[in-house]
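Visitor: I would like to learn how to read a model of this kind, feature by feature. Could you give me the general idea each time, and then the case at hand?

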Amino acid sequence: MSSNTPPILRLDRVSKRYRLGRAFEQVETFREFLQRRFTARDRRDSGVTGRAAAQQSFWALRDVSFDVAQGEVIGIVGRNGAGKSTLLKIVSRITDPTEGSVTLRGRMASLLEVGTGFHPELTGRENIYLNGAILGMKKAEIARKFDEIVAFAEVEKFLGTPVKHYSTGMYVRLAFSVAAHLEPEILIVDEVLAVGDVAFQKKCLGKMSEVSHGGRTVLFVSHNMAAVEHLCQRAVVLEHGRLVFEGSAKDAVQCYLNNRSDARGNDQHIVDLQQAQHRKVIVAPLLKRLELFTDQGRPLTEGIPIGARLTLRVHFELPSATTSFNMGIGFNNAFGQRVFTAHSYFEPHRPPGEYVGAQVFTCDIPSLTFVQGDYSLRIWLEIGNSLADEIDDATFITVLESDYYGTGKVPWNGTVVMRHRWALGSPAPDLAKASPRLVTLE
Amino acid sequence: MSSFELTIRPHKGWQPINFREIALYRELLAFLVWRDVKIRYRQTVLGGLWAVLQPLIAMYIFTFVFHRLAGVQSDGPPYPLFAFAGLAPWIFFSTSVQQSSNSLVANQQLVSKIYFPRLFIPLGAIGALLLDLLLSLCLFALLLLFYRWPISVEILWLPVFIAAALLAASGVGMTLSALNVKFRDIKYAVPFAIQMGIFVTPVIYPMRYIPDRWQWLMGLNPMVGVVLGFRHALLGSALAWPVVMVSLCSSLMLFILGLLIFARMERMFADVI
């Protein structure tokens, strides 16, 4: 890229501040608004405004600047709450920055969610037109691409059916297909690939790289690090609203993964869940503490080798007497994929009776067979079949290389390891004919 | 690279209205109207008949209660026709205000996930209701035949007063939809205000029931001019121009005010909704 061409997209010290407290809970009645106005004045009179106001707001983005050249596919990575979505919302004009500016030199279309504006009562055909128009296509343009959109989505037979009768897969395919046929100069994409079946995800990735090779500028946010590495040349890493890295996609992904494991302190086999950042409280913050142990009940202070024992003790509280409660622990790998879910429901043998107050659930995994890497834990508590408390990224564990197979050879690939056997023999002459399920490898 | 260039920066206070962008997206407004028309009567047995049934049933009930029981007289034409000519624009206005004031909140997903002129959301809801108004006017033509009441040349005024009804509904609709994003009180206030509104608009009674010295005050109500205008155009009733002019100006002012309030509040929709 030559230096005298102005960038197609330029972010200049973009910042966004959100207010916490009542205003952040989003809905305010007129009376509350007046009350807030009056209390604000009282506070100003008593001279504590500055600090109180600072505590009630936070910067979702702070001084983020970078340029994107024409035809470049740039990835934006960061943890939940790092400011990625806010950044995309500003660039796609949904919300204003609090400070700074964004300059766009081309027609922009944004895709923050597939199927925005789809109406369940309308048919597939009607939704293609409506959704296309909402995404900024002209009617003539949609008509021209209509057949292509339908073919890509593989929904020919259901064009006259209201989309409320579609399966999730069909719905997502149709929605993505409309979006994939947009022809803006700048395309902004958020997490759309997290949906649909695997085959369709691959097709989407194919379509996306087609788009990027077509000289289109793409801003791409994803938790799927493989997709970022595959599609983007360059990437930026956001952390707590600030830009912490800008460079090649490969280095950015590495930087992101490193930051993730740094976030977990060293001697952290006890995690105070009351301090958890990513908590979704439904009933009350009932999850209190998490303790991690490995073989022979030793506290887990650093990484855990492949195949070692992992014992989790979760301290929690039941607010009222109940017989029906369960706990789930989900393990996500660094690519945001759920690798395994442990759930107390699968182990229903528990002394009968009602429980109330402080309790401890122990989940013992005799052999943790994930491949090496970082895993984030989500913990949730269900009371009477409904979610009561949930914590995302409650802690991270690092699985270390080990001689799992006992052969001196370390597993290096895939997602999990499992005990397996190989046997070698000579081919039986008639076997290939007799059994059509046997595939010959050439 | 296209010559298109756009800078996104913080906006504070009153904003100019971006007519260029509205023109650029005009097809989308048509699509949103079309969507609302399509889904309004989906999965109903009577479908579009609802558009004409409401004013028709209201006409008979009003005739019975206010004309027969309370003795309210029309200003010339049979009372049912008199009532219908007022009810048609009133129902359009009241339904428009109710639907548009709730439209942004009902379309939260659009507001927080994609950019286009948000003005189209309340306006689209109103545009779709215009079809209902036209359908009820077709029914009115049949009622004219039934009651043998002549069509006068004043019918030519009808488009003007339909436009006035649109202005009034849009002005109120834009303002309330924007306020409703921040203050959900609007949701509770609107149905009540609409119920009361019919009594300060000459829908049930003719204008001569109002003392002369208070007529100008009535004129501040934008729907007074619309209802009187509809009666003039549809039934040939005499028109009190001064009151109507005051009322039309009031519609226009409301519309401009609505546009300005909407443009001012638009920038915080996605953060607050």
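Guide: Let us begin with overall dimensions, for which the radius of gyration is taken over C-alpha atoms and the globule rule is 2.2 Å times the number of residues to the power 0.38. This is a predicted model, and in it chain B, with 273 residues, has a radius of gyration of 20 Å, which agrees with the value near 19 Å that a compact globule would have. The C-alpha atoms of chain B fill a box of roughly 65 × 45 × 35 Å along the principal axes.

Visitor: How many helices and strands does chain A have?

Guide: Chain A has 10 helices and 19 strands. Buried residues make up 34% of its 442 residues, and 71% of its contacts between residues at least 6 apart in sequence join residues at least 24 apart.

Visitor: Where does pLDDT stay under 50 in chain A?

Guide: Confidence is given residue by residue, and should be read before any detail. In chain A, pLDDT stays under 50 over residues 41-54 and also over residues 263-267; for each of these stretches the model has 4 contacts beyond four places in sequence. The mean pLDDT of chain A is 80, with 81% of its residues at 70 or more, while chain B has a mean of 91, with 99% of its residues at 70 or more. For the complex, the predictor gives an ipTM of 0.85 and a pTM of 0.72.

Visitor: How many residues of each chain are in contact with the other?

Guide: The contact involves 42 residues of chain A and 32 residues of chain B. On the side of chain A that touches chain B, the elements giving two or more residues are α1 (30-46), α3 (84-91), β4 (99-104) and α4. By class, that side of chain A has 16 nonpolar, 13 polar and 13 charged residues.

Visitor: In which sense do β4(A) and strand β1 of chain B pair?

Guide: β4(A) and β1(B), residues 6-8, pair in the antiparallel sense over 3 bridges, and A:Leu104 has B:Leu6 as its bridge partner.

Visitor: Which strands of chain A form a hairpin with 4 residues between them?

Guide: They are β15(A) and β16(A), and in their turn A:Gly336 has a positive phi of about 80 degrees. The two strands, residues 325-333 and 338-343, run antiparallel and are joined by 5 bridges, with A:Phe331 and A:Phe340 as bridge partners.

Technical notes. Residues are numbered from 1 along each chain as its sequence is written. Chains are lettered from A and ligands numbered from 1 in the order in which they are written. This is a predicted model: local features need pLDDT of at least 70, side-chain atom pairs count only at pLDDT 80 or more; totals for chains, interfaces and linings use all residues. pLDDT is the predictor's confidence in each residue, from 0 to 100. Two residues are in contact if their C-beta atoms, placed from the backbone, lie within 7 Å. Ala, Val, Leu, Ile, Met, Phe, Trp, Tyr, Cys and Pro count as nonpolar, Asp, Glu, Lys and Arg as charged, and the others, Gly among them, as polar. Two strands pair if DSSP finds at least two bridges between them. A residue is buried if 20 or more other C-beta atoms lie within 10 Å of its own, exposed if 12 or fewer, and partly exposed in between; C-beta atoms are placed from the backbone.
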